[in-house]
Amino acid sequence: MKKLFTILYIATLTAFAGYGQNKTSGVMKATTQLKTFTVSENGKELQYSVKVMERRKYGMELDHKDKGMVNQDRKTSAAYVTKLVAIDSDSDNNYDDYMVLKYKGTENNDFEVVQTDKGFDIKVDDKSMHYNVLESNYLVDKKSKNFFIIEEFESK
């Protein structure tokens, strides 16, 4: 009888512990998008592709109405967004340039990669930056310079 109660107790405890962990943790949401563009260089059309991989990490905030309570409810907060932008400007299988783009976003940022004459623009809401494919460099708008954190590197 004692073993039966022990088994029943463990099964009940496990069921309730699993149910309590069912809320979304908001740790990571990863997506990938691939776009192909063309740019004109010395009268020739050069095709290049841009691959953007996104990772979002949500911070934890608690409701102010639950202040001082033992069990407090979580509140949705702004995400810390990290995007790996890979640029392939030739016909091999390897990407030529990589850029890590970080910013503090909102729940529904409007992220867009738009083709320009010399490369592409990355737009997040009203902030933007330009990447020149022919020269392999980027330029951040003056009003966006404190919004983006950028690390750029090349593949060898």
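Visitor: In which strand is Ser 128 found?

Guide: This is a predicted model, in which local features need pLDDT of at least 70 and side-chain atom pairs count only at pLDDT 80 or more, while totals for chains, interfaces and linings use all residues. Residues are numbered from 1 along each chain as its sequence is written, and side-chain values use heavy atoms, with hydrogens and water left out. Strands are DSSP runs of E with at least two residues, and helices are runs of H or I with at least four, both numbered from the N terminus. By that numbering, the run of residues 127-132 that holds Ser 128 is strand 9.

Visitor: Is Ser 128 buried or exposed?

Guide: A residue is called buried under 20% relative accessible area, exposed over 50% and partly exposed in between, using a 1.4 Å probe and protein chains only. Because its relative accessible area is 14%, Ser 128 counts as buried.

Visitor: Which side chain does Ser 128 join through a polar contact?

Guide: Contact means heavy atoms within 4.5 Å, and, leaving out residues up to four places away in sequence, Ser 128 touches Ile 122, Lys 123, Val 140, Asp 141, Ser 144 and Phe 148. A polar contact is a pair of N or O atoms within 3.5 Å, where within protein one must be able to donate a hydrogen and the other to accept it, and residues adjacent in sequence count only if both atoms are side-chain atoms. At 2.3 Å, the side chain that Ser 128 joins in this way is that of Asp 141.

Visitor: How many aromatic pairs does the structure hold?

Guide: Rings of Phe, Tyr and Trp (its six-membered ring) pair if their centres lie within 6.5 Å, and planes under 30 degrees apart count as stacked, over 60 as edge-to-face and the rest as tilted. Counted this way, the aromatic pairs come to seven.

Visitor: What is the angle between the planes of Phe 147 and Phe 148?

Guide: Both Phe 147 and Phe 148 are buried. Their rings form an edge-to-face pair, lying 5.1 Å apart centre to centre, with an angle between the planes of 75 degrees.

Visitor: Where is Asn 42 found?

Guide: Asn 42 has a phi near 55 degrees, a positive value in a residue other than glycine. Asn 42 counts as exposed because its relative accessibility is 76%. Its place is the loop between strand 1 (29-41) and strand 2 (44-58).
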